[in-house]
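Q: I'm new to this one. Can you walk me through it?
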Amino acid sequence: MHPRAGAPLSRRRFLALSATGAATGAVALNGCALQVSTGVGGAGETITVMAKADDLGPDLVKQARKDTGIAIKRVDYDITKLIAMLTSGNPPDLVRGVGAVDAAFYAARDVMQELDSYFATSSLLRPEDLDPVNDLWRYDGKVQGKGPRYGMAKDFSQDSMYWYNTASFDKKGVAYPSETEPVTFEEWLDRAQHLVQRSKGQTTVFGGSYNGLVKLTLMATMTASAGGSLFADDFSRVDFTTPEARKALAWYLEYCRLKVGPSAVLPDPNGWDGPTYQAGRMAMSNNGYWMGGMIGTDRKLAQVSRLAPAPVFAGGPRISACQGGTGMWMPRKSRNKDAAWRIFEWYFGEAPAKARASSGWGIPTLKSLRPLMPHQEDFQKRTLSAQQNELKHFSVVAVSPYISGDAFESLFNQVATPAMNGEMSVDRLAGRLNSVINEQIKRGKEQVG
């Protein structure tokens with residue numbers, strides 16, 4: 001049962017927002033909330049947007065004022081600050097979020113504003129023009145991907161796809177993957193073992209990286225690719241002991257144990273794949289279309305880079321999900337909903353959306369903006385062709401609303417590290433993960449009510 005709309009938000013219900021919620025929640029909830037503007041939406045108003053500088057930099061803030069007449073006060077995205085603002089009743093007017101892991105989590109806690117009525121009357125963000133990836137931002141009280149819309153993605157990738165460097169393949173005499181037909185996970189790992197380069201006990205070139213965006217979506221997507229679900233039907237528990245979840249878990253542990261790519265037991269000193277791949281020190285990188293925006297700025301790298309379909313498990317369905325879907329949502333207690341929606345429309349349907357679509361840093365989430373995707377250069381044509389073929393295999397992989405991505409990540413890495421080093425069996429790890437993650441999910445379910 002959900003709390004009634006407009007009811008005071010219990011501070012207790014947010015103590016598990018992140019992996020460190022129990023430790024930091026009390027501090028966050030006792031902090032001073034930022035004040036937001038009040039009034040009716042429209043030109044001359046000011047709204048508060050909690051976002052990262054990469055999402056909404058100073059130039060965009062100025063452009064928003066020029067284009068809409070609405071001033072934006074940007075607050076750096078910070079989970080602790082967000083909790084304080086939400087629980088004090090003074091939330092931002094718009095908040096950055098990752099649809100795949102945030103939408104159901106926040107919607108279940110009744111802090112998000114349903115946006116269907118806004119979409120229904122918008123001439124810019126028409127429901128029939130919305131890419132299916134925006135279903136990540138829907139939640140019907142039970143299942144993600146259905147029900148009211150609570151937000152929208154600014155752009156997206158099918159994050160199980162991967163880039164590969166043909167020069168690395170040529171050096172090792174390894175056959176290229178197809179750009180239209182998926183390899184199996186086993187074939188991907190076999191290639192990674194042939195491509196990895198080591199010297200004096202140190203890895204000089206990673207054979208491949210396959211960590212997804214966060215472990216929650218990685219494990220859920222891989223389990224779906226094996227033909228199952230990581231969660232029970234009501235999302236009240238995980239079960240890593242099912243054949244499908246165990247297959248996904250065993251594959252990832254083997255990837256870590258072989259040390260062909262970065263993981264919790266073999267960190268990438270750069271922190272993420274981009275710089276390492278750009279330096280020629282990674283043969284395959286599990287990052288979808290969006291990383292082409294970086295690759296395309298380096299002509300030499302672009303000439304040897306290819307985008308390949310998401311791997312599959314033999315006998316399993318072809319699943320190519322979005323593990324991110326970063327965008328924005330509107331808090332239910334926003335005091336400037338009309339002005340916030342006007343900025344929402346502008347950000348997702350006007351100049352910023354068109355600029356993002358033409359940049360190559362993500363697939364636009366309005367189908368009408370697809371023609372703006374880069375397609376002039378040979379690299380762009382090849383990449384776009386591979387991506388368009390993969391779009392046919394997109395699907396929403398729902399996750400539990402009762403655990404945050406950060407909490408899942410923290411628990412997974414804590415418990416799984418010995419197994420990543422080959423010091424714990426898959427079956428023992430599956431049982432341990434079930435125990436600790438289900439305890440967190442249980443607490444989250446109690447908070448939702």
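Q: Which residues line the second largest cavity?
A: Ala100, Leu136, Thr217, Thr221, Ala321, Cys322, Gln323, Ser395, Val396, Val397 and Val399 line that cavity. A cavity is a set of points on a 1 Å grid over the protein atoms alone where a 1.4 Å probe fits but cannot get out; lining residues have an atom within 4 Å of a point. This is a predicted model: local features need pLDDT of at least 70, side-chain atom pairs count only at pLDDT 80 or more, and totals for chains, interfaces and linings use all residues. Residues are numbered from 1 along each chain as its sequence is written, and side-chain values use heavy atoms, leaving out hydrogens and water.

Q: What volume does the second largest cavity have?
A: About 60 Å³. Volume here is the space filled by probe spheres set on the points, with grid points joined across faces, edges and corners.

Q: How many cavities of 30 Å³ or more are there?
A: The structure holds 5.

Q: New topic: the largest nonpolar core. Which members touch the most others?
A: Trp188, Met219, Phe240, Leu249, Trp251, Phe408 and Phe412, out of 82 residues. Helix α9 (residues 243-258) gives the largest share of this core, 9 residues. A nonpolar core is a set of buried Ala, Val, Leu, Ile, Met, Phe, Trp, Tyr and Cys residues joined through side-chain atoms within 4.5 Å. Buried means under 20% relative accessible area, exposed over 50%, partly exposed in between (1.4 Å probe, protein chains only). Helices (H or I, at least four residues) and strands (E, at least two) are DSSP runs, numbered from the N terminus.

Q: What is Trp251 in contact with, leaving aside neighbours within four places in sequence?
A: Phe185, Glu186, Trp188, Leu189, Tyr210, Met222 and Phe313. Contact means heavy atoms within 4.5 Å.

Q: Now salt bridges. How many?
A: The count is 22. The rule: a side-chain nitrogen of Lys or Arg within 4 Å of a carboxyl oxygen of Asp or Glu.

Q: Is Glu390 buried or exposed?
A: Buried, at 1% relative accessible area. Arg318 is partly exposed, at 22%.

How values were computed: 1 Å grid on protein atoms, 1.4 Å probe; cavity = no way out; pocket = protein on both sides within 12 Å on 5 of 7 lines; lining within 4 Å.
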